[in-house]
Amino acid sequence: MKKIILFLFIFFILSLPKLAFLQNEDFSKGIVYCQNDPCSLEEIFLNIRRILSFAVFIGFWFSVLVSVIGSFLWMFGGPRPDLEKRGKDMIKTAIIGYILLLSVGVIFDFVLEFFGPKLKY
């Protein structure tokens, strides 16, 4: 368990610059749009990136909500140990799900940077 936590910590410390792409997205035109009538390959990859950015944004707030509900179950489930265990499992699942969602975004950005077309952000 300690090795997994150490691996995740190192992974996210090294991938923090990659996570910065989530801050610059502008959803005023919508999540998916093309400037030209037939979408170019560059616009398709930009749309996939916008979808991932939006999914990380929604996933963050969903994981916060699930963690809050799980913490209430954990705190107030005193006489019922099944509620306490359920709350701990909810918190753990929310954190793991958000880490997986961030990992998909970082891996996609990494692959796109090295193997995809050069994008103009």
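## Salt bridges and a nonpolar surface patch

F72 is found in helix α3, which spans residues 41–76; helices are DSSP runs of H or I with at least four residues, numbered from the N terminus. This is a predicted model, in which local features need pLDDT of at least 70, side-chain atom pairs count only at pLDDT 80 or more, and totals for chains, interfaces and linings use all residues. Residues are numbered from 1 along each chain as its sequence is written, and side-chain values use heavy atoms, with hydrogens and water left out.

With a relative accessible area of 45%, F72 is partly exposed. On this scale buried means under 20% relative accessible area, exposed over 50%, and partly exposed in between (1.4 Å probe, protein chains only). F72 belongs to a nonpolar surface patch together with F57, I58, F60, W61, V64, V68, M75 and F76. The accessible area of the patch is about 920 Å², by the Shrake-Rupley method with a 1.4 Å probe. Such a patch joins nonpolar side chains (Val, Leu, Ile, Met, Phe, Trp, Tyr) within 5 Å, from residues with over 30% relative accessible area and no salt bridge.

The whole structure holds two salt bridges. The term means a side-chain nitrogen of Lys or Arg within 4 Å of a carboxyl oxygen of Asp or Glu.

| Salt bridge | N to O distance |
|---|---|
| R80 and D82 | 3.4 Å |
| D89 and K85 | 3.0 Å |

R80 is partly exposed at 46% relative accessibility, and D82 is partly exposed at 45%. D89 and K85 lie four residues apart in helix α4 (residues 81–115), so about one helical turn separates them. D89 is partly exposed at 30%, whereas K85 counts as exposed at 53%.

Key:
Helix = DSSP H or I, 4+ residues; strand = E, 2+ residues; numbered from the N terminus. Patch = residues over 30% accessible without salt bridge, like charges linked within 9 Å, V, L, I, M, F, W, Y side chains within 5 Å.
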